[in-house]
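Here is a short tour of one protein model. Keep the sequence and the 3D view open as you read.

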Amino acid sequence: MTASPATPAPLDAPPAAGSPATSEPGVPADPGILHGPVVAWFDTHARDLPWRHPEAGPWGVMVSEFMLQQTPVARVLPVYEQWLARWPRPADLAAEAPGEAVRAWGRLGYPRRALRLHGAAVAITERHGGDVPREHAQLLALPGIGEYTAAAVASFAYGQRHAVLDTNVRRVFARVATGTEYPPNATTAAERRLARALLPDDEGTAARWAAASMELGALVCTAKNPDCARCPVAGRCAWRLAGKPAHDGPPRRGQTYAGTDRQVRGKLLAVLREALGPVPQSVLDAVWDEPVQRARALDGLVSDGLVEPLSGGLYRLPLGRPAS
């Protein structure tokens, strides 16, 4: 049997000498009591992922961030490797039709991400000489890049100090700092304030903390079966110390797929990805029996710029530049 850890100082203990005090709810007086253990755990337990290797570079980090949104690492790995082998620099992708990005995206899901990544590659090539920009504001100005991706690329690729809030980080912070099992369905201003208050002052440590807290949520502080015995800050986790109270907020959104328009869109795109040329309507009609849903899904693909309609009832992956 593993011995219980010694009882830690409470989160609201007086700050250590020279440590700044904070009034943000849920933030310990000295956030360093969290930083050290979590970063040390990461140094030992971080997964060996290709986008964490120095040779991946900023472009490899950016590609991984687009692909990892709502998609497990195991599904991303083979597509990521193929993508970087084919398009090792943004200019290589920008030189191709956006439909080729959709084709190479395969079955990762949410294929609009492929169009957005292509659009970002075009902008990087045209505005930044083919190099992924370092500045957060420049990253945020790229098409298809929001606050999370800009912060993640600036932090993971360039070692900068930014609050990086993905689902895993939000769950860790909800449990450790606020004592709730799950974060809200959508990121709140309070969560952003909490993330900024927990951010280490040192730039390098902050970048490491961002990656470490994300990995902790992915491997240990998971949504369904958190392994508190392996958590480096279990003794300071407000949720655990409160007896792990059950979630009592709004119902958590499920991710149903079977029978949805998403499934129909995926089947239509699969046919178009595998085709060497334009596909007739009759071939697309064969992928789904319900005509109204099928037509709605196809119209949505056209509206999203993922499919181009041609004369004569033909369809293809897009050749023109997508809207930014």
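## The second largest pocket

The second largest pocket holds about 240 Å³ of space. Of its 18 lining residues, Ala174, Thr178, Ala190, Glu191 and Leu194 are the closest to its centre. Helices α9 and α10 (189-198) each supply at least two residues of this lining. By class, the lining has nine nonpolar, five polar and four charged residues.

The terms need their rules. On a 1 Å grid over the protein atoms alone, a pocket is an open set of points with protein on both sides within 12 Å along at least five of seven lines, while a cavity is a set where a 1.4 Å probe fits but cannot get out; lining residues have an atom within 4 Å of a point. Points are joined across faces, edges and corners, and a volume is the space filled by probe spheres set on them. Nonpolar covers Ala, Val, Leu, Ile, Met, Phe, Trp, Tyr, Cys and Pro; charged covers Asp, Glu, Lys and Arg; the others, Gly among them, are polar.

## About the model

This is a predicted model, where local features need pLDDT of at least 70 and side-chain atom pairs count only at pLDDT 80 or more, but totals for chains, interfaces and linings use all residues. Residues are numbered from 1 along each chain as its sequence is written, and side-chain values use heavy atoms, with hydrogens and water left out.

The protein has 15 helices and three strands. Both are DSSP runs numbered from the N terminus: helices are H or I with at least four residues, strands are E with at least two. The C-alpha trace spans about 75 × 45 × 35 Å along its principal axes. Of the 324 residues, 44% are buried, meaning under 20% relative accessible area with a 1.4 Å probe and protein chains only.

## Cavities

There are three cavities of 30 Å³ or more.

Among the residues that line it are Leu34, Phe173, Leu198 and Trp209. Two or more residues each come from α1 (32-45), α9 and α11 (203-219). Helix α9 gives the most, with four residues. What classes make up this lining? It has ten nonpolar residues, no polar and no charged.

## Helix α6

Helix α6 (residues 112-127) has 16 residues. It reaches 22 Å from first C-alpha to last, close to the 22 Å expected at 1.5 Å a residue; the expected span is 1.5 Å times one less than the number of residues. Its buried residues include Arg113, Leu117, His118 and Ile124. The cover over the buried residues includes α2 (57-68), α3 (73-86), α4 (90-94) and α5 (98-105). Just after α6, Gly129 takes a positive phi of about 65°.

## The sheet

Three strands form an open sheet in the order β1-β3-β2, with antiparallel pairing. Strands β1 (279-280) and β2 (308-310) stand at the edges with a single partner each, so one side of each has no neighbour in the sheet.

Two bridges join β1 to β3 (residues 314-316); two strands pair if DSSP finds at least two bridges between them. Which residue of β3 is the bridge partner of Val279? The partner is Tyr315.

How values were computed. Buried means under 20% relative accessible area, exposed over 50%, partly exposed in between (1.4 Å probe, protein chains only). Contact means heavy atoms within 4.5 Å.
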